[in-house]
Amino acid sequence: MKTRAAVAFEAKRPLEIVEVDLEGPRAGEVLVEIKATGICHTDAYTLDGLDSEGIFPSILGHEGAGVVVEVGPGVTSVEVGDHVIPLYTPECRQCKSCLSRKTNLCTAIRATQGKGLMPDGSSRFSYKGQAIAHYMGCSTFSNFTVLPEIALAKIRKDAPFDKACYVGCGVTTGVGAVVNTAKVEPGANCVVFGLGGIGLNVIQGLKMVGADMIVGVDINGDKEEWGRRFGMTHFVNPKNVSDVVAHLVELTGGGADYTFDCTGNTVVMRQALEACHRGWGESIVIGVAEAGKEIATRPFQLVTGRVWRGSAFGGARGRTDTPKIVDWYMDGKIEIDPMITHTLPLERINEAFDLMHEGKSIRSVVVF
Ligand code: NAD
Ligand code: AHE
Ligand code: ZN
C-alpha cells in the first residue's frame, strides 16, 4: 500500500512529506494506522545526526497512538480495531531480560531494531524502490506503519489519540523514572534538571508519590512557571548562581535524595550526581547524550554512597504498564493536556522541531 510519511532523507535536513510504499504485515506483525504522534527530543537528536545508531533515509517518530487495521499470521494478542500504542521497548515476556523481572529492556528484537529493520531483517518501507529504515521499531511519522505484535500495547478505546500518544514515550519515561526506577518514597527531596517534555513528567510523578521538595533546574527561565504548574516547589536557573551543585546541596539540606537528568548534557549529569546526598542520594540519568560523549565524576562521589542509575522508557514494561498509565490519565491521576502546547498536521511537522529547538513548546503532537 501507499502511505503518507515524513521521511528523514539525510541528517540535519528538514523532513520531507512523501508517499512511501509499505508492505503488509508478515508473521507476528501488525499494520497500524497512526492517528497521532508526539515529537520527542530524541527524534530531533537523531535528525541532527547525534545518534550513534542513526540511519538515513528513515521514518522517525516513536511516540504514537493508533488503530490496528490488519494482523499477520500467528498474531494473537491484538485484533483489528484495537487501539494501540507502539512500543520502542517491546515486551516479549519470553527473553532472558523479560523473565529476569530485573529490567524492562526486552532483548527479543533489539538487534534488528537498532539497524532500522523488522525482526526478519528486512524493511517494510520503501520509496522509489529504495528501502527506508524503520526507527526505534516504531516509525510513527508515517500514517501507517508495521510493528511486531510484542511491540504494541493495547489501550482503552475512550482515550483520545492526540493525548494518549504522549504515553508512548514522554509521560511514561518521566513518571516511570520516579515510580519504577527510583521508587521515590513520600517525603523525599528531589531535583529535576531540564524542565521539558520529560522533566515536567518527572515533576508530576514526584508530586503524585508525595515527594517533599521538588526542585527544578533549567537554563530557560520561562520553564519556572511550567514547573510550578505541575508541582515544582523551588526553581534554580544555573545562570543565576555561581556554583549550581553547592547551591543545590545547601538548598536541600545536604543534598537530594533523588536527582534526575532530563537534559542529555553530560556536564549536567555530573552536576545531578554531585547534588545527591552523601551516603544514599541516587541520580537517575534519563537524558540521551550525543554520540561520543562520556560522563565523569570523582570515584569518591560513589565511594561515599551516591548512586548513578539510568532509566529507559521509565523502567516500564511496555505491554503491561503502558495501558495502566493511560488509565491514570483517564482517571485524572496525572495530566497530559496542558503539556501538549501545539497540535499540527503532518505537513507542518518541521515546525514542531523548530519550536522544540527554540524552547517554545513542551510537546508538539502531529495528528493525521
Ligand atoms: P526538551 O527539549 O523538551 O527539554 C529539555 C530541557 O532541558 C529544556 O527545557 C532545556 O531548556 C533544558 N536544558 C538544556 N540544557 C540545560 C542545562 N545545561 N541545564 C539545565 N537545563 C537544561 O527535551 P525532552 O523531550 O524533555 O527530552 C529530554 C532528554 O530526555 C533528551 O535528551 C531526550 O533524548 C531524553 N529522553 C530519554 C528517554 C529515555 O527513555 N531515557 C525518553 C525520552 C527522552
Ligand atoms: N541510540 C542511542 C541511544 C538512544 C537511547 O538511549 N534511547 C532510549 C530511549 S530515548 C526515547 O526518547 C532507550 O530506550 N534506550 C535503550 C535502548 O535499548 O535503546 C545510542 O546511544 O546508541
Ligand atoms: Zn522519546
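I take helices (H or I, at least four residues) and strands (E, at least two) as DSSP runs, numbered from the N terminus. Residues are numbered from 1 along each chain as its sequence is written, chains are lettered from A and ligands numbered from 1 in the order in which they are written. This is a predicted model, in which local features need pLDDT of at least 70, side-chain atom pairs count only at pLDDT 80 or more, and totals for chains, interfaces and linings use all residues.

Most residues other than glycine have a negative phi, and most peptide bonds are trans. I looked for exceptions.

K128 sits in the loop between β6 (125-127) and β7 (130-132). Its phi is positive, about 50°, although K128 is not a glycine. I then checked burial: a residue is buried with 20 or more other C-beta atoms within 10 Å of its own, exposed with 12 or fewer, and partly exposed in between, with C-beta atoms placed from the backbone. K128 has 8 C-beta neighbours inside 10 Å, so it counts as exposed.

R93 lies in the loop between β5 (83-86) and α2 (96-100). R93 is not a glycine either, yet its phi is positive at about 65°. I found 14 C-beta neighbours inside 10 Å, so R93 counts as partly exposed.

The peptide bond from F56 to P57 is cis, with omega near -5°. I placed P57 in the loop between α1 and β4 (64-71).

**Entry: helix α6**

Why is α6 largely enclosed by the rest of the structure? Eight of its eleven residues (199-209) are buried, so the rest of the structure largely encloses the helix. Among the buried ones I noted L200, V202 and I203. The cover over them includes α5 (170-182), β10 (190-193) and α7 (223-229), where contact means C-beta atoms, placed from the backbone, within 7 Å. After α6 comes G210, with a positive phi near 90°.

**Entry: ligands**

I counted a residue as near a ligand if its C-beta atom, placed from the backbone, lies within 6 Å of it. Of the 32 residues around ligand 1, H41, G194, G196, I198 and G264 come nearest. Helix α1 (residues 41-47) gives the most to this shell, with three residues.

Around ligand 2 I listed residues including C40, D51, E53, R110 and F313. For classes, Ala, Val, Leu, Ile, Met, Phe, Trp, Tyr, Cys and Pro count as nonpolar, Asp, Glu, Lys and Arg as charged, and the others, Gly among them, as polar. The shell of ligand 2 has six nonpolar, three polar and three charged residues. The shell of ligand 1 has 16 nonpolar, 14 polar and two charged residues.

Key
Two residues are in contact if their C-beta atoms, placed from the backbone, lie within 7 Å.
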